[in-house]
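Keep the viewer open while you read.

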Amino acid sequence: MNIIPARRTDARMIAKAVMMAVGDEICRDFAGNDHTMADVEALFTELAEMEDSQYSFLNTLVALDEEGNVAGLCIGYDGAKLHTLRERFFETAKRRLHRDMTGMDDETTPDEFYLDTLAVWPAYRGKGLGAKLLLAQTARGHAIGKPAGLLVDKTNPKAEALYRKLGFEPDGERPFAGVVMNHLMLRPSTSDQD
């Protein structure tokens, strides 16, 4: 597997990954009664094509298999930029889904590099790809002097076990789309800062 920065042409795969990561329930909530899951996918595809949204291809690393197919991806960005990056989400959700999402809680803080989305396609799971993607994004955060932070659903102990195995430590709870999740952090080691 080769991990590289995503390209704008990966936008549809990024959208599918975001939807996979947040889950059907939250995606259905985004769609509401007047829109479909295809509308939600179109929303996230448009955001992934942008250069200034939290789901931008510029914030994404993709893992490619031997044939060049996307096998998985990880989105991460400086938490200090959340409000600026999220403006595009608010604008696009209002235009595409007729939803005012401006009351959402912040899932990250300015003092961390936030690992927003991790997704590995089913055919590639169980091979350590998720760990490699997480560590590659974490290195981007550590390069700017920030610990990496992420949220994990309390009902997903398998994912939390992976994160803890990689060195992430519990750091309280945070809400995401109305669901309280566990917040984990991976701080740079002293050797990372040399």
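## Starting at L115

Leaving out residues up to four places away in sequence, L115 touches I75, G76, L134, Q137, T138, A148, G149, L150 and F168. Keep in mind that this is a predicted model. L115 sits in strand β4, and its relative accessible area is 5%, so it counts as buried, the cut-off being under 20%.

## Q137, a polar neighbour

One of the residues that L115 touches is Q137, which has its place in helix α5. Is Q137 buried or exposed? At 0% relative accessibility, Q137 counts as buried.

| Backbone oxygen | Side chain with the polar atom | Distance |
|---|---|---|
| N59 | Q137 | 3.0 Å |
| C74 | Q137 | 2.8 Å |

Neighbours within four places in sequence aside, Q137 is in contact with N59, T60, L61, C74, I75, G76, F113 and L115. So both N59 and C74 turn up in that contact list too.

Zooming out, 7 strands make up an open sheet with mixed pairing, in the order β1-β2-β3-β4-β5-β7-β6. The edges belong to β1 (2-5) and β6 (169-176); each has a single partner strand, so one side of each has no neighbour in the sheet. On average, neighbouring strands here are turned by 30 degrees against each other, direction ignored.

Helix α5 packs on this sheet and touches β1, β2 (60-64), β3 (70-78), β4, β5 and β7. The direction of α5 makes about 160 degrees with that of β4. As for β5 and β7, they run antiparallel and are joined by 5 bridges.

## α6 and its two sides

Next comes helix α6, covering residues 157-165, where A159, E160 and Y163 are buried. Viewed down the axis of α6, the buried residues fall within an arc of 100 degrees, so they line one face of the helix. What do they pack against? The buried residues of α6 pack against β4 (113-120), α5 (129-143), β5 (148-152) and β7 (179-186). On the other side of α6 you'll find P157, K158 and K165, which are exposed. After α6 comes G167, and its phi is positive, near 110 degrees.

## The rings

Last stop, the aromatics: the structure holds 8 aromatic pairs. One of them is F44 with F89, a stacked pair with 6.3 Å centre to centre and 20 degrees between the planes. This pair links distant parts of the chain, with F44 in helix α3 (residues 37-49) and F89 in helix α4 (residues 82-97), 45 residues apart. F44 counts as buried at 1% relative accessibility, and F89 is buried as well, with a relative accessible area of 3%. Which residues do ring pairs link into a cluster? The cluster consists of F30, F44, Y55, F89 and F90.

Definitions and conventions:
Residues are numbered from 1 along each chain as its sequence is written. This is a predicted model: local features need pLDDT of at least 70, side-chain atom pairs count only at pLDDT 80 or more; totals for chains, interfaces and linings use all residues. Side-chain values use heavy atoms; hydrogens and water are left out. Buried means under 20% relative accessible area, exposed over 50%, partly exposed in between (1.4 Å probe, protein chains only). Helices (H or I, at least four residues) and strands (E, at least two) are DSSP runs, numbered from the N terminus. The arc is that of the directions from the helix axis to the C-beta atoms. Contact means heavy atoms within 4.5 Å. Rings of Phe, Tyr and Trp (its six-membered ring) pair if their centres lie within 6.5 Å; planes under 30 degrees apart count as stacked, over 60 as edge-to-face and the rest as tilted. Two strands pair if DSSP finds at least two bridges between them. Axes are lines fitted to C-alpha atoms, for helices over the stretch in contact, and angles run from 0 to 180 degrees between N-to-C directions. A polar contact is a pair of N or O atoms within 3.5 Å; within protein, one must be able to donate a hydrogen and the other to accept it, and residues adjacent in sequence count only if both atoms are side-chain atoms.
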